[in-house]
Amino acid sequence: MIKTWTLFIIISIFPVFIFSQEQSDRLVSKKDSLMPGMSTSIPFTLENNSTETKIYDISVVTSSSSINPILAKGEFQIPPYETSVYLVPLRIGTETGQGIYSVTLNITDRNNGTAFTQSSKIVVSGSRKLMVTVLNIPEFVRAGETVRAAFLLKNNGNITESIVIESKNAVIDNESSLVLAPNESKIITIHKVTSSELAQNEFQNLNLSVHPRNNPKETQDVYATTQVISVKPSENDIYHRLPVAFSLSFIGMQNMGVYNDGFQGEIYGKGTLDKDNKNQIEFRAVTHNPVELNTFTQYEEYFVNYKRDKFFLHLGDKTYSSSYLTEFARYGRGAEIRYDFNKVSFGGFYNHPRFFRDIKDEFNIFSAFKIRKESEVSVGYLYKTPRKEEIRSGDVKLDSDAHLPYAKGKFKVSKNINLSGELAYSTTQKTNGTAYLLQAEAILKKLNGSLMYMRASPDFAGYFTNTNTFNGNIYYNITKKISIFANYMQDAKNFQRDTLLLAAPYRKYFQYGVQYKYLPSGFIILNNGYQTYKDRLEPKQFDYYERYFKVSINQQIGVFQINVDGQFGKTDNYLTGFSGNSSFYSANLSFQKFKTSFNIFGSYAISSRYQLQNQKSLYYGARIYSQLSDKTSLSIFYQNNYMPEEYFKDRNLFELLFHQQLFPGNELDLSGRYSLQRGEIGDKDFIFSMHYTWRPNIPVQKIADYISLSGNVSNLGIKKTEGIRLILGSYLSVTDKDGNYMFKNVIPGNYFLEIDRSTTEINDIPTQTFPASLSLMNKEHTFNFGLTTAANVQGQVNFLETGEKDQPDSGQQLSLKGKKKRESIIVEASSHDQTFRKVCYIGEDFDFTYLRPGDWIVKVYRNGLDKRYKISTDQFLFTLQPSETKKLSINIVKQQIEIKYQKESLKVGYNEIKKKK
């Protein structure tokens, strides 16, 4: 037998579903996962085991004032020996916090007065919802002023939030963190000081970022925008100008005990000759160097180059190059021309070398053809003539005219692989020679590598002669933290370099190793290999072969960058004939603080590379660079000595550099150095210079004419329109007795016209939005406007117990203590071109001042107002007259609750069903 228990819901007496006004949420019969703001019904089971009908008086009590029974009291009738369900409809307030609450029925038997209770637990889930909106920001500010923005931050959830407040580009006026209870709001203000040197009008965004302290991923970024009006529009000009720098230096040098000094001038310019930037030009003229040339002084140089579209022309000094094999780099005085068609280019140059005595003149012509966007084939011809009856430099002499045809190309085989190469041939009266070059490069996801092989025959008359070289490197990422690498390099032995500077040592080395990134801020490198170093100068200072193992550690610790190296090797010294151990230890520490960068380094060596076995050396130094201000910088460098491998170049032992911008376009540089000149081991020289630079920006093309702006300020009921000061960028004008004004000789551009309010009455307001945006491009412009008296709006937010809007009795207002004190609305006043907002609390006054007369709309927004309350009128339309003060009353009323009763009852019974066997 199957028994089905029945539930009798006596709907005819008490409500099952009850709806309040404007209540859209359906009642849900559940006791867990309830959300704030919803309605639900809680069932209680009541039994009557007696022989007579029971009538109970029932009252409902909850453990929280924010959880309210829709029907707090009622009666319930149960027939004899029946069980019924009594449903308690509840409304969960929006401010109800997360947690477990109880609902209690107080039940009294009307016949005998017996009382008892029943309780049920309900669970309100947590709801997290932060809202950030822009409340107010000025539409315009002048450059140099402080722009302030206000944001409304509200906790629309039911969990108390600890909130972190940040800004990427502004200063927060409030605390950087705060705690908001459910339904609580806070106005956050930020500010930013704009630059007074702003060159043109621009929009600037002020940022506010908020996130819960325990969940930074839930960051909300809100931006408020304002327009900053430039007061120094220096870039506006009726001329297109070419940046030019005129420099004058006084240089003194103590060289080998002999002192020399003198002046050196320089003119340098680079830019375009027209406003469309089609005619590009660059030129430089440096006078004779009054002291001996080194790396820290300039050498005499004169050149000019011009480029337009596909045409290029160079006249004067430069490093000329035809190809890697024929003439890789030859500094001289000459001319170069090139013209680019769509896929084909033609060009050539003439060069008279300045620092290579073997060659008197050289001529080159070439043609290049583009196969694809990044693939190209070139052919060319180089002609060299020797200098007669001169002392030759280098081991190889050019004994007659040389003819060098060549072909080269670069090809992008695939997205990740590039190939290039060159083939050259040379012929003179006595010899013929060849040379070729092959290169390959691959850049893959985990693997990078490159190879280069070059060979020149003994009789080749190009840049390289009787040499071959091979260079290669490979780098492979095994994992994100572990990488392996290998490098091989071999210098070319015979090449015809310029004699201006000395030759670097001959090097040949191979190394391989592994890199391990043990932290995001640190890694270690272990590598092993061998190297050969041979001095090319005479007398030789070193010539050795060395096998070594090296350890390098790089670590970032806070603001400090630390590098530590240790190298251990076995050296065969070919210069002295002995072998020994060589060890090197070095450390480098760098950091930045107070706009100053510091770099401190040192190394200690026990070496068998040079004249002595187990020779001990200590090297140390430091560099400090400080940006003292936007216009001033200072740099100091010191190093006690250098390794012999570096003596082929100029080396600084002490350096002091000071830079100062005196005023815009004028700079002063002071420098002083103790140095070792190239080729010197111990003799120190002193160099100092004083360098003054003037950057005038020369006008080269007139691109516009000056324009004018005039107009009239109408008197619409104010005291006077005479003596009002108007501001247009950096221009000023004052109105006459009739209110007329004029700006003359204005550079065309976009401006904002402003009124200096210190020259008007405090309530005078223009009839148009100010600052007024004007685009002044034509020769003459007119802009008229009027001044009238500002209007105001005043109002109060009232709370009324009933929904009658016209209720005048102030006694109907409820006490504004506790929770109701936090209830607020947003009031917005707007016209066709202005909008103002304020957060207003119930029971408080509000106002909008200095409003332009005309049509206005005042809108009222709930701002999270409790759903039990409504705004009687949420929009007001009116026309403000000059000097008028408009009074408004905003009424917040309590919703009327409508209860609907189900008139018919539903009765469910059960039957016993007997199974037939």
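**Strand pairing and what surrounds it**

Reply: Strand β10 (residues 146-155) and strand β14 (residues 185-193) run antiparallel and are joined by nine bridges, where a strand is a DSSP run of E with at least two residues, numbered from the N terminus, and two strands pair if DSSP finds at least two bridges between them. This is a predicted model, in which local features need pLDDT of at least 70 and side-chain atom pairs count only at pLDDT 80 or more, while totals for chains, interfaces and linings use all residues. Residues are numbered from 1 along each chain as its sequence is written, and side-chain values use heavy atoms, with hydrogens and water left out.

Within this pair, Val 147 has Lys 192 of β14 standing opposite. Both strands belong to an open sheet of four strands, ordered β8-β10-β14-β12 and paired antiparallel. At its edges are β8 (130-136) and β12 (171-172), each of which pairs on one side only. Strands of a sheet pair through backbone hydrogen bonds, either parallel or antiparallel.

Another open sheet has five strands in the order β9-β16-β15-β11-β13, and here the pairing is mixed. Because β9 (140-142) and β13 (177-180) stand at the edges with a single partner strand each, one side of each is left without a neighbour in the sheet. The partner β11 (residues 161-166) runs antiparallel to β13, to which four bridges join it, and Glu 161 is found opposite Leu 180 in β13.

A further pairing joins strand β1 to strand β5 (residues 82-92), which run antiparallel with ten bridges between them, and in which Thr 45 stands opposite Val 85 of β5. Strand β1 (residues 39-48) is mostly covered, for seven of its ten residues are buried, meaning that they have under 20% relative accessible area, whereas exposed means over 50% and partly exposed lies in between (1.4 Å probe, protein chains only).

Asp 317 lies in strand β22 (residues 311-320) and is buried, since its relative accessible area is 1%. The side chain of Asp 317 makes a polar contact of 2.9 Å with that of Arg 354 (a pair of N or O atoms within 3.5 Å; within protein, one must be able to donate a hydrogen and the other to accept it, and residues adjacent in sequence count only if both atoms are side-chain atoms). Apart from neighbours within four places in sequence, the residues in contact with Asp 317 include Glu 300, Tyr 302, Tyr 331 and Arg 333, as well as Arg 354, contact being heavy atoms within 4.5 Å.

Asn 448, by comparison, is found in strand β30 (residues 447-456) and is partly exposed, because its relative accessible area is 32%. Setting aside neighbours within four places in sequence, Asn 448 is in contact with Ala 442, Ile 443, Asn 473, Ile 474 and Tyr 475. Asn 448 and Asp 847 are 399 residues apart in sequence, and 69 Å apart in space, C-alpha to C-alpha.

Beyond four places in sequence, Phe 878 is in contact with residues including Val 793, Trp 856 and Leu 888.

The rings of Phe 783 and Phe 785 are a tilted pair, because their centres are 5.9 Å apart and their planes stand at 40°. The rings of Phe 836 and Trp 856 have centres 6.4 Å apart and planes at 25°, so this pair is stacked. This pair links distant parts of the chain, with Phe 836 in strand β56 (residues 835-841) and Trp 856 in strand β58, 20 residues apart. Trp 856 is buried at a relative accessible area of 2%, whereas Phe 836 counts as partly exposed at 28%. Elsewhere, ring pairs link Phe 250, Phe 263, Tyr 674, Phe 686 and Phe 688 into a cluster.

Methods. Phe/Tyr/Trp six-rings, centres within 6.5 Å; stacked < 30°, edge-to-face > 60°.
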